[in-house]
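Hi,

Here is the structure I promised to pass on. Have a look at it first, and then read on for what turned up.

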Amino acid sequence: MRPALRHSLTAATVALPLACAAADTLVIQHIPQVELTATGVPDLPMGERTARWAAQAGLALRWVPVPFKRSLEELRRNGQAFCVLGVFDLPERRRYARFSQPLVPGEPQLLLAASRVAAQMRKLRDTRSAMLDPRFELLAFDGVAYGRELDRWIAERKRKPLWVGAGTAQIAPMLARGRA
């Protein structure tokens with residue numbers, strides 16, 4: 001895919017409930033079905049780095065697998081102290097969560113396309129054109145914010161996206177079966 005169809009977002013932030021207080025052990029919720037590294041940390045983009053920072057600060061971490069939408073609901077309830085890595089800082093979420101400054105620039109966002117539409121997508125001038133093109137079915141994860149700009153483009157689409165709750169491992173099989 002051409003570089004023009006890639007879009008970089010600052011994604012890795014820490015979200016904490018507003019009622020969060022200092023604790024001896026900080027719970028970090030992460031997406032389920034993630035392999036663990038040799039040190040027992042979930043193999044996530046910020047996992048090892050977060051564990052190192054916590055160790056340097058003398059803070060113990062407890063990693064808990066929780067579906068992303070459930071983590072957002074628990075943040076809204078504001079009942080316990082925990083952390084979620086990689087949650088986009090959106091105005092609506094600031095009502096119930098505190099966000100760190102972005103920890104690192106996020107991985108570039110890219111559009112993954114089935115081979116049957118790849119040639120059509122290569123002819124488009126940019127990511128926005130691809131996102132808004134009604135010829136394409138857009139597969140998007142329910143409960144996930146992609147950042148202000150991409151979220152706005154998704155909302156602007158005349159042809160609404162196919163919202164799925166499946167993990168990232170399901171993207172390629174869904175494309176192969178013609179589901180998106």
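A cut-off to start with: a residue is called exposed when its relative accessible area is over 50%, buried when that area is under 20%, and partly exposed in between. P91, at 52%, therefore counts as exposed. Please keep in mind that this is a predicted model.

While we're on P91: the residue sits in the loop that runs between strand 5 (83-85) and strand 6 (97-99). Its C-alpha atom is 9.7 Å from that of R148, although the two are 57 residues apart along the chain.

Now the overall picture. The protein chain has six helices and nine strands. Of its 180 residues, 41% are buried. If you take the contacts with a separation of 6 or more, 67% of them are between residues 24 or more positions apart. The accessible surface is about 10700 Å², and carbon and sulfur atoms account for 54% of that.

In helix 2 (residues 68-77), the buried residues are F68, S71, L72, E74 and L75. They fall within an arc of 160° seen down the axis, so they line one face of helix 2. Just after this helix comes N78, with a positive phi of about 60°.

Helix 3 (residues 115-122) buries V117, A118 and M121. These cover an arc of only 130° around the axis, which puts them on the same side of helix 3. Helix 4 (127-132) is part of what covers them.

Then the charged pairs. The whole structure has six salt bridges, and here are some of them.

- E137 pairs with R159, with 2.8 Å between the closest N and O atoms. E137 is in the loop between helix 4 and strand 8 (139-141), and R159 is in the loop between helix 5 (148-156) and strand 9 (162-164), so this pair ties together parts 22 residues apart in sequence. Both are partly exposed, E137 at 30% and R159 at 33%.
- R152 pairs with E156, the closest N and O atoms being 3.6 Å apart. Both belong to helix 5 and are four residues apart, about one turn of the helix. R152 is partly exposed at 44%, and E156 is partly exposed at 33%. Through shared partners, salt bridges join R128, R152 and E156 into one network.
- R125 pairs with D126 at 3.8 Å between the closest N and O atoms. R125 is exposed at 64%, whereas D126 is partly exposed at 25%.

Cheers

How values were computed: Residues are numbered from 1 along each chain as its sequence is written. This is a predicted model: local features need pLDDT of at least 70, side-chain atom pairs count only at pLDDT 80 or more; totals for chains, interfaces and linings use all residues. Side-chain values use heavy atoms; hydrogens and water are left out. Buried means under 20% relative accessible area, exposed over 50%, partly exposed in between (1.4 Å probe, protein chains only). Helices (H or I, at least four residues) and strands (E, at least two) are DSSP runs, numbered from the N terminus. The arc is that of the directions from the helix axis to the C-beta atoms. Contact means heavy atoms within 4.5 Å. Accessible areas come from the Shrake-Rupley method with a 1.4 Å probe; for residues, only the protein chains shown count as cover. A salt bridge is a side-chain nitrogen of Lys or Arg within 4 Å of a carboxyl oxygen of Asp or Glu.
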